[in-house]
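I opened my notebook today to look through a new protein. Here is what I looked up, entry by entry.

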Amino acid sequence: ALLSGTVTEGPSLYFMGLLAACGLLAAHAVSSRKYFYMVYAVLYGYVGVSSIFLRAISGEGPVLLYFMLSSLGVGVGLFVLAGRFKENHENL
């Protein structure tokens, strides 16, 4: 619901709520050692931030560059996090 409000209405309390929910979900993912919760937090946050960012930029070139760099960053970040969650799981 927060993501839908962010996408349809732009920067508002929905966006702040989405960031807070993603932060709480990420904290819960770390404390419970559940990687998929972290994936949900990152992906929902990415879509929300992207929807706000795309309202501010125009032109095909900047949009394409944004998606190439940001999706690469999110993918690499999730890959690194997967390794850390696996390391923490093996040390138990």
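Before counting anything, I noted that a contact means heavy atoms within 4.5 Å. With that in hand, I looked at contacts between residues at least 6 apart in sequence, and 57% of them join residues at least 24 apart.

**Ground rules.** I am working with a predicted model, where local features need pLDDT of at least 70, side-chain atom pairs count only at pLDDT 80 or more, and totals for chains, interfaces and linings use all residues. Residues are numbered from 1 along each chain as its sequence is written, and side-chain values use heavy atoms, with hydrogens and water left out.

**Confidence.** I looked up pLDDT, the predictor's confidence in each residue, from 0 to 100. The protein has a mean of 88, and 93% of its residues reach 70 or more. Confidence is lowest in H1, at a mean of 84, and highest in H2, at 92.

**Overall build.** I found 4 helices and 0 strands; these are DSSP runs numbered from the N terminus, with helices (H or I) of at least four residues and strands (E) of at least two. The C-alpha atoms fill a box of roughly 50 × 30 × 10 Å along the principal axes. Of the 92 residues, 25% are buried, where buried means under 20% relative accessible area, exposed over 50% and partly exposed in between (1.4 Å probe, protein chains only).

**H1 and H2.** How do H1 and H2 pack? Helix H1 (residues 2–9) and helix H2 (residues 13–32) pack at an angle of about 145°, with axes 8 Å apart. Axes are lines fitted to C-alpha atoms, for helices over the stretch in contact, and angles run from 0 to 180 degrees between N-to-C directions. On the H1 side I listed Leu 2, Leu 3, Gly 5, Thr 6 and Glu 9, which meet Tyr 14, Phe 15, Gly 17, Leu 18 and Ala 21 in H2.

**The two faces of H1.** Which residues of H1 are buried? They are Leu 3, Gly 5 and Thr 6. These residues sit on the same side of H1 because they cover an arc of only 165° around the axis, taken from the directions from the helix axis to the C-beta atoms. They pack against H2 and helix H3 (35–56). The face turned away from the buried side carries the exposed Thr 8 and Glu 9.

**Tyr 44.** I then visited Tyr 44, in helix H3. Tyr 44 counts as partly exposed because its relative accessibility is 45%. Leaving aside residues up to four places away in sequence, Tyr 44 touches Leu 3, Leu 18 and Cys 22.
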